Amino acid sequence: MMKRITALVIAGLTAAALTGCGSSGSEGGGGGGDDAIVMGFSQVGAESGWRTANTKSVQSAAEKSKITLRFSDAQQKQENQIKAIRSFVQQKVDIIAFSPVVESGWDTVLKEAQNAKIPVILTDRAVDSKDTTLYKTFLGSDFVEEGKKAGQWLVEEYKDAKDTVNIVELQGTTGSAPANDRKAGFAEVIGADPKFKIVASQTGDFTRAKGKEVMEAFLKSTPDIDVLYAHNDDMGLGAIEAIEGAGKVPGKDIKIITVDAVKDGMQALADGKINFIVECSPLLGPQLMDLAQKVLKGENIPARVVTEETTFDQEQAKAALPTREY
Ligand code: GYE
């Protein structure tokens, strides 16, 4: 019963946050007790398996830490995130955490939170604000490093090849930190050898549907694709459908590298349809709650907290799958 009431309160607040008219100013309401920390959290959306796992991690960690979470889903739109943050400021939450859909355009709203003395933590994705006092810390992966790991696998895989290697790239959401950085890291590594050619590169918005659609277009417009580099598993999985639809064998006719290592991606890797996955952990919830508690106690925290992650080939995926958490 209590859970249902909590869910209703959260649903109401989410709607208020999305419409930008939530101004009750009431604290608590989430079952964490009167002096419980209230965190406003603006999530990017529900575009991928990674995102779903990340949302679960944040929600369950908040519950465990007795932090009242006011959760708002921005449906991949920056304007919704800005409205949600403004609404959190009006509600006088104790702390705001958010995963910025794109890197630029945050200074004004972050300044508003700062003026209201509400600390902000960036989770998962970075902003490009020059003024780094606008947020307390950035918790998340090193996306440039992820792109480099993808490139390093490719260089090794084709080390004896003499011919040109034609690569198509499915980019993440345009302007997002993971899309910018995964592209840059990969390009830097493969750029050392002119035989690697990115023959087409376009956004698939981190979704399966868009990944499939764009890959279909690539297959029509671009002959002789050797390799697909997709900035996440979901786009890679959509692309696999397109490749099979075109009568080609994913993992063989076209080698596939993706990022994330969510269960569906790992299954496709174990099945031989993907060749290599760079891990990006979505399990940021516990660290986020810990950082929030420290900030509110006035403790010093590092300006950057980088997630630890690994990579998987097909054999490693088979071994890891049975115990994979997400
Ligand atoms: O890789 C992708 C998701 O920001 C790291 O966003 C995250 C990315 C993740 O949609 O699947």
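Trainee: Are Phe-186 and Tyr-229 buried or exposed?
Mentor: Both residues are buried. Please keep in mind that this is a predicted model.

Trainee: How many aromatic pairs does the structure hold?
Mentor: There are five aromatic pairs in the structure. One of them joins Phe-41 and Phe-71, which are stacked at 5.8 Å centre to centre with 15° between the planes. This pair links distant parts of the chain, since Phe-41 belongs to strand S1 (residues 38–43) and Phe-71 to strand S2 (residues 68–73), 30 residues apart.

Trainee: Why does Phe-41 count as buried?
Mentor: Phe-41 counts as buried because its relative accessible area is 0%, and the cut-off for buried is under 20%. Phe-71 is also classed as buried, at 12% relative accessibility.

Trainee: What about the pair of Phe-186 and Tyr-229: how is it arranged?
Mentor: Phe-186 and Tyr-229 are stacked, 4.0 Å centre to centre and with 25° between the planes. Phe-186 sits in helix H6 (residues 177–190) and Tyr-229 in strand S8 (residues 227–230), so this pair too links distant parts of the chain, 43 residues apart.

Trainee: Which residue lies over the face of Tyr-326?
Mentor: That is Arg-324, at 4.5 Å from the ring centre.

Trainee: Now the ligand. How many residues surround it, and which are the closest?
Mentor: The ligand is surrounded by 13 residues, and the closest are Glu-47, Asp-124, Arg-125, Asn-232 and Asp-260.

Trainee: Which side chains have an N or O atom at 2.8 Å from an oxygen atom of the ligand?
Mentor: Arg-125 has a side-chain N or O atom at 2.8 Å from a ligand oxygen, and Asn-232 has one at 2.8 Å as well. For Ser-48, the distance from a side-chain N or O atom to an oxygen atom of the ligand is 3.0 Å. Taken alone, the ligand exposes 300 Å², and the protein buries 100% of that.

Trainee: Asp-124 was on that list. What joins its side chain to that of Arg-51?
Mentor: A polar contact of 2.8 Å joins the two side chains. Arg-51 is placed in helix H2 (residues 49–64). Leaving aside residues up to four places away in sequence, Arg-51 touches Gln-43, Val-44, Gly-45, Ala-46, Ser-99, Asp-124 and Arg-125.

Trainee: Is Arg-51 buried or exposed?
Mentor: Arg-51 is buried, because its relative accessible area is 2%.

Trainee: How about Ser-221: buried or exposed?
Mentor: Ser-221 is exposed, because its relative accessible area is 55% and exposed means over 50%. Ser-221 is found in helix H7 (residues 208–221), and its side chain makes a polar contact of 3.1 Å with that of Thr-222.

Trainee: What is the phi of Gln-75?
Mentor: Gln-75 has a positive phi of about 50° although it is not a glycine. This residue is found in the loop between S2 and helix H3 (78–90), and at 52% relative accessibility Gln-75 counts as exposed. Gln-76 lies in the loop between S2 and H3, and its phi is also positive, near 60°.

Trainee: One last topic: which residues of helix H9 are buried?
Mentor: In H9 (residues 263–270), the buried residues are Gly-265, Met-266, Ala-268, Leu-269 and Ala-270.

Trainee: What do they pack against?
Mentor: The buried residues of H9 pack against helix H8 (233–245), strand S10 (276–279), strand S12 (311–312) and helix H11 (314–320). Just after H9, Gly-272 takes a positive phi of about 85°.

Terms used. Residues are numbered from 1 along each chain as its sequence is written. This is a predicted model: local features need pLDDT of at least 70, side-chain atom pairs count only at pLDDT 80 or more; totals for chains, interfaces and linings use all residues. Side-chain values use heavy atoms; hydrogens and water are left out. Rings of Phe, Tyr and Trp (its six-membered ring) pair if their centres lie within 6.5 Å; planes under 30 degrees apart count as stacked, over 60 as edge-to-face and the rest as tilted. Helices (H or I, at least four residues) and strands (E, at least two) are DSSP runs, numbered from the N terminus. Buried means under 20% relative accessible area, exposed over 50%, partly exposed in between (1.4 Å probe, protein chains only). A charge sits over a ring if NZ of Lys or CZ of Arg is within 6 Å of the ring centre and within 35 degrees of the ring normal. A residue is near a molecule or strand if one of its heavy atoms lies within 4 Å of it. A polar contact is a pair of N or O atoms within 3.5 Å; within protein, one must be able to donate a hydrogen and the other to accept it, and residues adjacent in sequence count only if both atoms are side-chain atoms. Accessible areas come from the Shrake-Rupley method with a 1.4 Å probe; for residues, only the protein chains shown count as cover. Contact means heavy atoms within 4.5 Å.
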